[in-house]
2 protein chains.
Amino acid sequence: MQLNQLETPALILDRVKMDRNIARLKARLQPFGVVLRPHVKTAKSADVAKRMGTPDTPITVSTLKEAEYFFKHGWSDILYAVGIAENKFAHIADLVSRGAKMTVVLDNKETATTLARFCRDHTLTLPVLLEIDTDGHRSGVVPDDPALLDITAELERTEVAGTAWLAGVMTHAGASYDCKSVAEIQAIAEQERAGVVQAAERLRAAGYAAPVVSVGSTPTAHFVQSLDGVTEVRAGVFVFFDLVMNGLGVCDQSDIALSVLCTVIGHQKKKGWLITDGGWMAMSRDRGTAKQAVDQGYGVVCDQNGTPIPDLVMRDANQEHGIIVHRHDASLTPMFPVGTMLRILPNHACSTAAQHDGYSVVAGTDHIEAQWSRISGW
Amino acid sequence: MQLNQLETPALILDRVKMDRNIARLKARLQPFGVVLRPHVKTAKSADVAKRMGTPDTPITVSTLKEAEYFFKHGWSDILYAVGIAENKFAHIADLVSRGAKMTVVLDNKETATTLARFCRDHTLTLPVLLEIDTDGHRSGVVPDDPALLDITAELERTEVAGTAWLAGVMTHAGASYDCKSVAEIQAIAEQERAGVVQAAERLRAAGYAAPVVSVGSTPTAHFVQSLDGVTEVRAGVFVFFDLVMNGLGVCDQSDIALSVLCTVIGHQKKKGWLITDGGWMAMSRDRGTAKQAVDQGYGVVCDQNGTPIPDLVMRDANQEHGIIVHRHDASLTPMFPVGTMLRILPNHACSTAAQHDGYSVVAGTDHIEAQWSRISGW
């Protein structure tokens, strides 16, 4: 099957670019001697995850539905990287009873207390990571928070069967997404490393083994200079890349493996608009580049082969309609005929991929070599 | 099952509010003597559509996947309201061959020509609506465009077996979403009506029967004063309503039937943040109220029963984390304990619902009376 035989819109994955992106991060991290625990929330696809390694690979998930799906497909070492809520304890226990090696995250004493009690009551052996806040952007306790040891006091200091035990610390440098230069990303990466290692050292001084020190974000993973004291790196969007990563200087547009194929269905010639059948439902409402130096609208417009067309962006969207216009001067919009297929590079791979049920996989040509499914929901 | 037994995040649908919203629009349109052809793109659920009428009801769809799904569930009179592309002709023909009464939309001569040829070649009888641009916001030809009759020249003037025939005209008053007052919505509604009727009259003067004159948007449907010359009204979001409709004055917050149930998983007490497990993946990235007088962030925060908590909004989001803060003063954020369940009213029902596989249906209490599935994708 060829691209031009697809009904549009359709999500296209260039496997060659994806494989190159995976190889790049692996090569980048290899000298540091850390474990790569990819965040499968971006692709939510076993077929994609297999390109990163065998199911022996440890993975990170953002939902328990991902945990179920990847466990069913053979993965077992699974970090659920969102602070655990009590209404998910039973589901975690059930996954463990079926053989999954689940690790959970928390950042407060209330959850530590109820989880410790749940594990004792259900003879559940569960490794727990304390979430550390190294950049103020989300959850976690700051590395020098006096409460650090109050929170962990309910957890065992080493692995003890039938308990919740503190396996270590984790952080996510979400602030790296707001950086203006590679130097800033490097500074955030060092702040992330230093903060989470400081927290681990405080815990070790109090008798916790804390074998795991986990950091992660795609920008910091690509530019970090030192990972001293870190044992594992999580990253998700690196597998596909996107325009936000391009705007941050983490990748070139030619590295972006994901695009949405759409068809020109009409024009507003006086306004210089191309109308397509790829709207925000196909791209998502994510406008991550809006706060960057170059606002890419709903995406950069490429020809059917995936080559960007200079200065052509998807400027606006209805649910199932895209509006494509020249970035600077609508009179310069090329009036491609009705029926022309275009590919749109997304702002944010995680949110665009989530709008689709699967990937039409190409390898640099028009030939579709596979259809890969993906999951969504909770 | 009760709400507090759900794993969060979860999409909650209050059936009592939904039924009231449906009854309201039906009662509003009844005196006009027009057909209501609901747009099922909002709910994408046969269970929801059944609350609007039997499968004898005509419907509007935004994707051919919706057409397939609703046809499978018994609906047959289906308007696909996105300009048809040639790569979908065969799919339309297949639906018709199985008994669906499909109507398609176009706004340009190239598509009219290729579609007419396709219908002749495949002995396909297909009603076509010409899309009219009544507010400059998307597709369509303006009512007095000299090209109007050039475009339709390829189509039959009445229903002739084995041809594409011009069944009429349609328009969508998307500009109504940008109105600042009810008076403005009424003006847009009249502009929508007058424009599409003018186009129909031009076609009739040229010998086209053009029996169908179709208008539609939720704001205009609720405030239109005259539907003279109009035969049918399409609307989608009316079934659930949302914060954008609330900001437009079309509904109260207490009419919003859709919400996302989430759980407090932590705090950043110094910053006055509640952290939940409902992030942008659960709400969508749609920030439709950002351009309204009151920006509701990612949504208005309600207690578990669905009652808004004064001045509490979801201000920011990560993929699976929500950040909830008092609208004016973070020091006033109520520090609900970890484990507290909250419900978030969405900016845009279509985009939030699209993030979920189904609805947990309640009827004003904590009791979940049903689980309704929905579809997504193309």
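Predicted model: local features only at pLDDT ≥ 70, side-chain atom pairs only at ≥ 80, totals over all residues.
B:Gln30 lies in the loop between H1 and strand E2 (35-36) of chain B. Between the C-alpha atoms of B:Gln30 and B:Gly358, which are 328 residues apart along the chain, the separation is 31 Å.

Helix H1 of chain B, residues 15-29, comprises 15 residues. At 1.5 Å a residue this helix should span 21 Å, and the end C-alpha atoms are 21 Å apart, so the two values agree. Buried positions in H1(B) are B:Lys17, B:Met18 and B:Asn21. These residues cover an arc of only 105° around the axis and therefore fall on the same side of H1(B). B:Val16, B:Ala23 and B:Ala27, on the other side of H1(B), are exposed. Strand E1 (10-14) and helix H2 (46-52) of chain B are among the elements that cover the buried residues of H1(B).

Helix H3 of chain B, residues 64-72, has as its buried residues B:Leu64, B:Glu66, B:Ala67, B:Tyr69, B:Phe70 and B:Phe71. The cover over the buried residues of H3(B) includes H2 as well as strands E3 (59-61), E4 (77-80) and E5 (101-106) and helix H4 (89-97), elements of chain B. After H3(B) comes B:Gly74, which has a positive phi, near 110°.

The division of chain A into domains was also examined. Domain 1 of chain A consists of 3-10 + 250-373, and domain 2 of 16-240. Taken over C-alpha atoms, the centres of domain 1 and domain 2 of chain A are separated by 33 Å. Contact between the two domains of chain A involves 13 residues of domain 1 and 16 residues of domain 2. On the side of domain 1 of chain A that touches domain 2, helix H11 (349-353) and strand E17 (368-373) of chain A are the elements that give two or more residues. H11(A) gives the most to this side of domain 1, with three residues. By class, this side of domain 1 of chain A has 10 nonpolar residues, two polar and one charged.

The arrangement of the two chains was considered next.

Chain B contributes 47 residues to the contact, and chain A contributes 47 residues. On the side of chain B that touches chain A, at least two residues each are supplied by helix H5 (109-122), strand E10 (258-268) and helix H11 (349-353) of chain B. E10(B) provides the largest share of this side of chain B, four residues. The side of chain B that touches chain A is made up of 13 nonpolar, 22 polar and 12 charged residues.

Conventions:
Residues numbered from 1 in each chain as written. Chains lettered and ligands numbered in written order. Contact = placed C-beta atoms within 7 Å. Nonpolar A, V, L, I, M, F, W, Y, C, P; charged D, E, K, R; others polar. Domains from an automatic or database assignment. Expected span 1.5 Å × (residues − 1). Buried ≥ 20, exposed ≤ 12 C-beta atoms within 10 Å, placed from the backbone. Arc of directions from axis to C-beta.
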